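Please keep the sequence and the structure in view while reading.

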Amino acid sequence: AMGYEAISLTGAQAGIRTDATYSRARIQKVDPERVIGELDKGNIVIVAGFQGVTDEMDITTLGRGGSDTTAVALAVSLGAEVCQIYTDVEGVYTADPRLVPEAKKLAEIGYDEMLELATYGAKVMHPRAVELGELFNVPILVASSFSDSPGTLIHGGASMEVRNKVRGIAHDLDVAKITVVGVPDRPGIAASVFEPLAKANISIDTIVQNASINKITDLTFTVAKSQLKKAMEVVKPIAQSIGARECTSDARLGKVSIIGTGMQNTPGFAARMFGALSGQGINIQLITTSEIRITCIIDEARVKDAVQALHRAFELEIEE
């Protein structure tokens, strides 16, 4: 419409080579020769995201987050200074603004913090795209397609003195729990449960095993709600074969996480998180952590209350 020369390319034409995993292919390499050739001709190159081609020339789709991942992969292969992602939000916020109206937009955030936020519920960026940006040190700008508001820059240039605070609250309602009750506590039991789940392509998130009493323990783990039925079909016969008492499930769960590199060497974050949830009468069912994250599995009906309470407890509404 503005009179500029442009050309459109499919993922295959743009040189995006993937493996053959059905509906969730992963990019193996990008051969940018065609894209570079078109740029040299003065064309603006429009590439269809979310798709690629195998070595056998079969067309593949990349699964959730595939368009973001395509963009970062192209930026890497072309040696771009930055990859700009324009989407339906103005950037990365301290929490979901739909749950916390006073949430603040972050001007910048490190790859590690963004990866934890994306993995544990923030929908603004897919973890695969953030991982790729970090691996090849390509900064990613997330901004709005609908306004000129400055976005959030995801990059590796964290300040020398890491802020002593939580940077964001992530939440996810796609959580189901499976508990194998009364498991004999002997070597190889966990492998006998989780290896068949892996073969069935079921991703496991949190795993907790109780302390053994009289050589009997309980094994609890979480999966996505959409995979609960399939996971139970895999686990029930295994539970019987290893002599477990029963196998139970609960699909009415959610998770809430606090994330920030400032947590690494500073005590007190866990205590403040648990205190904030306790103050709202929210029961914690499971806890999982990384160096820069603490995640609690709770009743899905209390997730909104938990996010709001944690946002207040860590004073994320206050400008830095």
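A residue is called buried here when its relative accessible area is under 20%, and exposed when that area is over 50%.

## The chain as a whole

The structure is a predicted model, and its protein chain holds eight helices and 16 strands. The C-alpha trace spans about 75 × 50 × 35 Å along its principal axes. Of the 320 residues of the chain, 44% count as buried. Among contacts between residues at least 6 apart in sequence, 72% join residues that are at least 24 apart.

Strand E11 (residues 168-184) pairs with strand E13 (residues 216-223) over seven bridges, and Lys 177 stands opposite Thr 222 in E13. E11 is also joined to strand E14 (residues 246-259), by eleven antiparallel bridges, with Ala 170 placed opposite Ser 257 in E14. E14 in turn pairs with strand E16 (residues 293-299), again in the antiparallel sense and over seven bridges, and here Gly 254 stands opposite Ile 298 in E16.

## The sheet of four strands

A further open sheet has four strands in the order E7-E9-E10-E8, and its pairing is mixed. E7 and strand E8 (108-110) stand at the edges with a single partner strand each, so one side of each is left without a neighbour in the sheet. The twist in this sheet averages 20 degrees from one strand to the next.

Within it, strand E9 (residues 140-144) and strand E10 (residues 152-155) run antiparallel and are joined by three bridges. Leu 141 has Leu 153 as its bridge partner in E10.

## Helix H3

Is helix H3 mostly buried or exposed? Seven of its nine residues are buried, so H3 is largely enclosed by the rest of the structure. The buried residues are Tyr 111, Glu 113, Met 114, Leu 115, Glu 116, Leu 117 and Ala 118.

H3 lies across E8 and E10, and runs at about 90 degrees to E8. After the helix comes Gly 121, whose phi is positive, near 135 degrees.

The largest pocket has a volume of about 1,100 Å³. It is lined by 30 residues, and those closest to its centre are Arg 64, Thr 119, His 126, Ser 203 and Ala 224. Two or more lining residues come from each of helix H3 (111-119), helix H4 (127-136), E11 and E13. Sorted by class, the lining of the largest pocket has nine nonpolar, ten polar and eleven charged residues.

The second largest pocket holds about 500 Å³ of space. Of its 22 lining residues, Asp 96, Arg 98, Ala 122, Lys 123 and Val 124 are the closest to its centre. Strand E7 (83-87) and E11 are the elements that give two or more residues to this lining, and E11 gives the most, with five residues. By class, the lining of the second largest pocket has twelve nonpolar, four polar and six charged residues.

## An exposed glycine

Where in the chain is Gly 281 placed? Gly 281 lies in the loop between helix H7 (269-279) and E15. Because its relative accessibility is 56%, Gly 281 counts as exposed. Gly 281 and Ala 73 are 208 residues apart along the chain, and their C-alpha atoms are separated by 45 Å.

Note on methods. Residues numbered from 1 in each chain as written. Predicted model: local features only at pLDDT ≥ 70, side-chain atom pairs only at ≥ 80, totals over all residues. Heavy atoms only, no water. Pairing = 2+ DSSP bridges. 1 Å grid on protein atoms, 1.4 Å probe; cavity = no way out; pocket = protein on both sides within 12 Å on 5 of 7 lines; lining within 4 Å. Points joined across faces, edges and corners; volume = space filled by probe spheres on them. Nonpolar A, V, L, I, M, F, W, Y, C, P; charged D, E, K, R; others polar. Buried < 20%, exposed > 50% of the residue type's maximum accessible area, 1.4 Å probe, protein only. Contact = heavy atoms within 4.5 Å. Axes fitted to C-alpha atoms, helices over the stretch in contact; angles between N-to-C directions.
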